[in-house]
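Please read the numbered points alongside the coordinates.

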Amino acid sequence: MTESGSKITRSFAAGGLAAAAVAVVAGCSQSREELAETHESTLASYCTDCHNDLEQVGELSLEGLNLADVAAHRETWEKVVRKLRAGMMPPPDGPRPDEQTYRELVSFISGELDASYEEYLPPPGAHRLNRAEYANVIRDLLGLAVDAAEFLPSDDSSRGFDNQAGTLSLSPALLEAYLSAAGKISRLALGHVDRPTQAVYRVAEDTTQNYHVEGLPFGTRGGVLIDHWFPADGEYNLKIFAVNLGNMGNFRPFGEVRGEQLEVLLDGERVALLDWDEEFNLNRGFGGGQGELETIDVRLPVTAGPHEVGVTFLATNYAPLLDLNDAFERSTIETGGLPGYTFYPHIGRVRIDGPYEANGAGDTPARQRIFVCRPSGEADEEACAERIVSRLAHRAYRGFDTEQDVATLMEFYEEGREQGGFEAGIGMALQRVLVDPKFIYRIEREPRQVAPGEVYALSDLEVASRLSFFLWSSMPDDELLELAEQNRLSEPGVLAEQVRRMIEDPRSKAFTENFAGQWLALRNLEGHAPVVDAFPDFDDNLRQAFRRETELFFDSILREDRGALELLTADYTFVNDRLAKHYGIDGVQGSHFRRIELGEELDVRRGLLGKGSLLTATAQPGRTSPVIRGNWILTNLIGVPPPPPPPNVPALEPKVADAAGNERPPSMREQLEQHRDNPACLGCHMLMDPFGFALEPFDAIGRYRTNDSGNPIDASDVMYDGTPVEGPADVRRFVLKYSDQFLHNLAEKLLTYALGRGVEYYDMPVVRQIVAKSAEEDHTLTSMITAIAESRAFRMNTKSAEAKSGEGATRPVGVPEGVTQEAPPAEGSTARAAGEASTARAN
């Protein structure tokens, strides 16, 4: 427990956390003391032989610990509860109590921990927007879609997520990036461009362009569909490059098929149809170089704002070919120089240059949001400007704007207006908004009337901000902000209604992308490149299909109010033609994803454990890894990570001798048995390996198989509790056997993501409360999210010890000097300096 935290021992009635334990004791003929004695006897019979002061197996000793006073050793008992709930104690080679005794022991210890619950509510701090949140807030504030990776570096992760306040610091270099981004985004939103710009969109080199791309016209293949913001009305040039592949030594980068037609589209309408050969002079013997020196250029007029640009080929590859070889699924791969393999032209990248001869900023969605009024003359400019900056400040600062904030912004407006007129002034004020700590940070203020160390309720505005960043990774919308300003979020049922509304909103896609994307390792796929020689059918098409399948699957569990356990058991999934072929599913045509039922013949694909995304992300580039897969399941699904490996673990042997003494590649089981023979490695591998061995029927890119390196797959093993397993379905059943621990682990992950801080042993009563409350609705994700939003951990804080009652809010950690949530930036503060620096760079 940290010094800044609040320790408040709460009774059953006040906390409501141990109602289940009360019911158990009340319905039992034994007293609490007698129950404690009974369970002490159970521990003595099954646990203390290993977990004593002498042996300390697992660095745990239960000697001297008393079940009648679990609060004295809360951290140790929480560790015991977690291990018991996961079935990890006692080990399979020792005696185990019967199931009823086992459950009663877990229930008793949990109940005692909840009864002596010491509430932890940390004081307020500063929570900087991460890169994804920054882009989403710009979108919702200005109606402008930006790629935050162009402006800001990636964020560090902690506890599995990149929204943890403790890792979101602000370095001088990052401050410079925010200043630069504010200037660029302001000009882009207003359409103030004084010179042509360039934007490059690359197609991943391992993309196969022999298939239709979803969103492009039927009857086309390959290419790219680009969402691009054109800053002003004017002429733009699309510069199209052929793919340049260093590994395609036997093929020219412009393809081997003659007569291909390139189609260029703007918002779905054709603007050009070009002969690929003629444009690259292929018929005259040119274009045989690197594919970088020559381009196809298409110049066209485009209005300001968001548009879709499509570059693709008319599909001619559906007719039978005379290939001598059976082509790999991945087209951009060296085939060893064998003749008769047809390589169709591929797009490498598209560069959009412009505007040339710009003739106005147009009426873009961004300008519509910014210019809520238009001055009829010079006399009206100041009043209109104040109205504009007031609305910007109100939404950008998420309801925490003050009159002084508006006055500061008006100073910047006046400075800009003197230099370039009304719109220049608005641009200067907008830049200042985008570098204000109230925009970059989520700051929670401390009430004046509360004494240091006292617990207080967050304001409705602060709860609204927490909720919107939890579910949308963005700022509150007008409805949520209005309810917060009316102090209605604390009314019964209102918060739950908003949770449901926000989940149904398309913006909750961010929850799937950012929570599930990190919990389920989907983000890891982007940098995962299986060895080409070993897996020549793997391409970016399959990589993206893996990710899309899992996102659609998770989203269906969320939006359809399905129980969280269906994440493990659901008998359906989502596939397109490429993914269906990889899974061996017939009858699926087209690039669009559709829902399919998984019959008995596809039982291994049910739930998360059958998804290609997870199976690929938990493999090595050149082979499967039972260790990685087992470790991932223990850490992310069961929630009991194994200890880290010891130093200097030897490499696996690449060859073994058969009965005749001939060397051959060993199976994965044979390789890992080398580690199991090492006593220092045995303990952890006995936990991890059975999961991985049972998943060995899936190769390193998630294909089902029956042999490994010519050896039949042996998917049998014994789990850490003695349960035998013989394949992927048994792994699913094993995790379901300890579904209570799976649900607690999921609630812990959700709470970590929602609070933006690590969840520790002293938070476990809150986790149990979330699971208990969601049980009323079959543990749906919505019910879990609602339980978190209504919890005290989500809605309460503790006043920091540094604050002095009656003196107003203090500056939270991490926020520049002179800035609080109740007072505007002081003159000469970092916030003012940031605004001035941004202005200087803009000019």
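This is a predicted model: local features need pLDDT of at least 70, side-chain atom pairs count only at pLDDT 80 or more; totals for chains, interfaces and linings use all residues.

1. Helix 11 and helix 12. Two packed helices are described by the angle between their axes and the distance between the axes. For helix 11 (residues 403-420) and helix 12 (residues 422-434), the axes come within 6 Å and cross at roughly 140°. Helix 11 and helix 12 are therefore oblique to each other, and their crossing is right-handed. On the side of helix 11, the contact is formed by Thr-408, Leu-409, Phe-412, Tyr-413, Gly-416, Arg-417, Gln-419 and Gly-420. Helix 12 contributes Phe-422, Ala-424, Gly-425, Ile-426, Met-428, Ala-429, Arg-432 and Val-433. By class, the residues of this contact comprise 9 nonpolar, 5 polar and 2 charged.

2. Helix 14 and helix 16. The axes of helix 14 (residues 460-471) and helix 16 (residues 494-504) come within 11 Å, with a crossing angle of roughly 30°. Since angles under 35 degrees count as roughly parallel, helix 14 and helix 16 are therefore assigned to that class. The crossing of helix 14 and helix 16 is right-handed. Val-463, Leu-467, Ser-468 and Leu-471 of helix 14 are in contact with Leu-495, Gln-498, Val-499, Met-502 and Ile-503 of helix 16. The contact of helix 14 with helix 16 has 7 nonpolar and 2 polar residues, and no charged ones.

3. Helix 17 and helix 18. Here the axes of helix 17 (residues 509-519) and helix 18 (residues 540-559) come within 10 Å and cross at roughly 120°. Helix 17 and helix 18 are therefore oblique to each other, and the crossing is right-handed. From helix 17, the residues Lys-509, Phe-511, Thr-512, Glu-513, Phe-515, Ala-516 and Trp-519 take part. They meet Glu-551, Phe-554, Asp-555, Leu-558 and Arg-559 of helix 18. The residues of this contact divide into 6 nonpolar, 1 polar and 5 charged.

4. Cavities. Rolling a probe the size of a water molecule over the atoms shows where empty space is left. How many cavities of 30 Å³ or more does the structure hold? The structure holds 6 of them. The second largest cavity has a volume of about 50 Å³. Its lining consists of Thr-42, Tyr-46, Cys-47, Leu-84, Met-89, Pro-90, Pro-97, Tyr-102 and Leu-105. Helix 3 (32-46) and helix 5 (99-115) are the elements that give two or more residues to this lining. By class, the lining has 8 nonpolar residues, 1 polar residue and no charged residues.

5. Cis peptide bonds. Most residues other than glycine have a negative phi, and most peptide bonds are trans. Which form does the peptide bond from Met-89 to Pro-90 take, cis or trans? The bond is cis, with omega near -10°. Pro-355 belongs to strand 11 (residues 347-356).

6. Positive phi. Gln-56 has a positive phi of about 45°, although the residue is not a glycine. Gln-56 is situated in the loop between helix 3 and helix 4.

Terms used
Residues are numbered from 1 along each chain as its sequence is written. Side-chain values use heavy atoms; hydrogens and water are left out. Axes are lines fitted to C-alpha atoms, for helices over the stretch in contact, and angles run from 0 to 180 degrees between N-to-C directions. Helices (H or I, at least four residues) and strands (E, at least two) are DSSP runs, numbered from the N terminus. Angles under 35 degrees count as roughly parallel, over 145 as roughly antiparallel, 65 to 115 as roughly perpendicular and the rest as oblique. A crossing is left-handed if the near helix is turned anticlockwise from the far one by less than a right angle, and right-handed if clockwise. Contact means heavy atoms within 4.5 Å. Ala, Val, Leu, Ile, Met, Phe, Trp, Tyr, Cys and Pro count as nonpolar, Asp, Glu, Lys and Arg as charged, and the others, Gly among them, as polar. On a 1 Å grid over the protein atoms alone, a cavity is a set of points where a 1.4 Å probe fits but cannot get out, and a pocket is an open set with protein on both sides within 12 Å along at least five of seven lines; lining residues have an atom within 4 Å of a point. Grid points are joined across faces, edges and corners, and a volume is the space filled by probe spheres set on the points.
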